[in-house]
Amino acid sequence: MFERRDVLKAALGAVAAGLAPSVARAQGPQPPAPPAPTPFSREMVVEIARALAAKPYAAPASDLREPFASLTYEQFVGIKMKPGAALWSGENRGFSIEPLHRGNIFTTLVDLYVIENGAAAKIGYDSSRFDYGGLKVPEKLPDLGYSGFRVLHAQPNGGEAELAIFQGASFYRAVAAGQNLGVTARGLSIRTADPRGEEFPAFRSFWIEKPVLGDNALVIHALLDSPSVAGVYRFTVRPGEATLIDTELTLFARTNVDHYGLAGFAAASLHTPLDSRRRNGDLRPMAAATNGIQMLTGAGEWLWRPVSNREELQFSSFVDVNPKGFGALVRNRNIADYQDDDQHWERRPSLWIEPLGEWGEGALQLVEIPSESENNENIVAYWRPKAILPGGGQATFAYRQFWCWEPPSRPPLATAAHALAGHAPGVKRRRFVVVFSGDILGDQQKTARLSAALTTSPGSATNVRTFLDPQAKTCRVVFDVDPAGENYCEIRLVLRADEEPLSETWLYRWTP
């Protein structure tokens, strides 16, 4: 049994030694012998973060020797772990871990540890784990460290499949069974798209608990650091029909932080039927890793906001108190919606987030960034608390992520299945078609009083028509928008029966 004083001593020792940028590790001719395991507890990581926040910020080591310092993307992705070289491979634990090499844009050093029997042992760099492809590397390499790690999960028919990847700043991604990697989650966002400049917090260390045989859960502890904050994270990963990641975090502020984001995510959107002018001859009708942002407000209203690749940077805020859920969803699951046999956008995960506990006042922030490449994650969203995090203060939050085909919480109403926009008669007028779908639209008693409640600001909506198909359980709403000379128009649309909503609320910002 480890005493508390031993744990705290180990924690503060890690701050002094293990986290400081090290040049010696990159210069030694041979990898050093692995250090002996040290006592571990979550309290240890909390103390590390608290002590780190009390010190001036020091950037993590990013020094990297050749040939790895100047790898091209092709050379970097050509470095792969050899079959059977992953941690716990062949141990029937349900999970295995692949440490990821440094190089290309992933040069920052990240320390990796494995926790077993209450003690943490560092994962030392081992060149024998890797196949370097066509890259010529020295026969003996020093301890280069790692840039992150990949989580593999055992499959029912044997073998393993990628489940999650933690690599780069505070970024990580996960998938459900049969999916391709898509939306990227962020451990923390600071001043995203802020004129003062964005700050990118980074995970400095990970402690991965060795899973118990037969236990379908993987627990990962992480230390985050940035010029403004230090933080401690605990991720519990549970694969299933959806991959669940429960996140518990505590932040310690070095300075006053007035713009930070929780449970953030980013995804690519090159063009959709709502911004078809962006196609520029692209034969694909849509190229996007997410179709829109869903939100269930604290008051119980379901919002749906399609996203677009804008001509100019756009910001949107959805002010709320204690939100019940939000996320980036893929609603178009038919390859015919994309016609892309290489990217398979229809196989990308939806990411649904449920806050655990009350988050208070704040807003879901949406940032839409102009992009010319489908490789750019130009759609960014996060929850921004209204209260600032004062220097010397701390804050604790928790939430659950569902990386899924369909989110667990869905509107008991008609949802917006499709939307497209095009020219309408008149200067700058736009015509919109929004198609709602749901069982409620087959209820003739409800739909006998159906109407489209449509508002625009600024400007006006004209020629509003609804086309109900009770057999197909759909309703098409067609309308024209006149922005009245302005260069934007906020549109809000919901199907109603008198005052009762029959659909989620469809929101959109039109811009030229």
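Which residues does Pro411 touch, not counting residues up to four places away in sequence? Pro411 touches Gln294, Trp302 and Glu504, where contact means heavy atoms within 4.5 Å. This is a predicted model, in which local features need pLDDT of at least 70 and side-chain atom pairs count only at pLDDT 80 or more, while totals for chains, interfaces and linings use all residues. Residues are numbered from 1 along each chain as its sequence is written, and side-chain values use heavy atoms, with hydrogens and water left out.

**Pro411**
- Pro411 lies in the loop between β26 (394-404) and β27 (415-423); strands (E, at least two residues) are DSSP runs numbered from the N terminus.
- Pro411 counts as buried because its relative accessibility is 12% (buried means under 20% relative accessible area, exposed over 50%, partly exposed in between, with a 1.4 Å probe and protein chains only).
- The C-alpha atoms of Pro411 and Met44 are separated by 42 Å, and the two residues are 367 residues apart along the chain.

**His221**
- Strand β13 (residues 218-225) contains His221.
- With a relative accessible area of 3%, His221 is buried.
- The side chains of His221 and Glu209 make a polar contact at 2.8 Å.
- Leaving aside neighbours within four places in sequence, the residues in contact with His221 include Phe40, Trp207, Glu209 and Tyr233.

**Leu313**
- Leu313 is placed in the loop between β20 (302-306) and β21 (314-321).
- Leu313 counts as partly exposed because its relative accessibility is 39%.

Methods. Helices (H or I, at least four residues) and strands (E, at least two) are DSSP runs, numbered from the N terminus. A polar contact is a pair of N or O atoms within 3.5 Å; within protein, one must be able to donate a hydrogen and the other to accept it, and residues adjacent in sequence count only if both atoms are side-chain atoms.
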